[in-house]
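Let's walk through this model together, starting at its surface. Please have the sequence and the 3D view ready.

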Amino acid sequence: MTTQEQQPAPAEEARERDVLAQRCPSRAVFAELVDKWSMLILMSLTEFGQQRFSELQRGVDGVSRKMLTQSLRALERNGLVKRTVHPETPPRVVYDLLPLGRELAALVAPIGHWTEERTPLMLAARAEFDEAHPAG
């Protein structure tokens, strides 16, 4: 086998790192990261710093214990959040952003702020759409 046969073609290699490609590993990671709870958790940790589970649950209004646990575990597994257990009685557990998490949170925050500012325009567009396309 020649060296040329062993290496993927440039187009194939590029597609291996393409979030739009079905088999690209980055697609699964991307899908896991962009769920609403993960992004809100990152924003909360950015705004308020390290927090205990109960603080995060109060800060990310509407998240259930189950979803918060699952999202924190996924964020921790992906190297974005650090879970620290302090040896106290009862044990104190805090969550904080790791460097990779801070990097992602810095990208997400402007989207959150943009959404807050532009929601009235989008709600008006929705109402206009719904009026032009009545349901069923």
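This is a predicted model: local features need pLDDT of at least 70, side-chain atom pairs count only at pLDDT 80 or more; totals for chains, interfaces and linings use all residues.

V19, L20, F30 and V34 make up a nonpolar surface patch of about 370 Å². A patch here gathers residues with over 30% relative accessible area and no salt bridge, joining nonpolar side chains (Val, Leu, Ile, Met, Phe, Trp, Tyr) within 5 Å and like charges within 9 Å. Areas follow the Shrake-Rupley method with a 1.4 Å probe, and for residues only the protein chains shown count as cover.

Residues are numbered from 1 along each chain as its sequence is written, and side-chain values use heavy atoms, leaving out hydrogens and water.

Now turn to the loop between β2 (81-86) and β3 (92-97), where P90 is found. A cis peptide bond links T89 to P90, with omega about -10°. R92 forms a salt bridge with E88, their closest N and O atoms 3.4 Å apart (the rule asks for a side-chain nitrogen of Lys or Arg within 4 Å of a carboxyl oxygen of Asp or Glu). Both partners are partly exposed: R92 at 23% and E88 at 39%.

Finally, confidence: the chain averages a pLDDT of 89, on the predictor's per-residue scale from 0 to 100.

Key
Buried means under 20% relative accessible area, exposed over 50%, partly exposed in between (1.4 Å probe, protein chains only). Helices (H or I, at least four residues) and strands (E, at least two) are DSSP runs, numbered from the N terminus.
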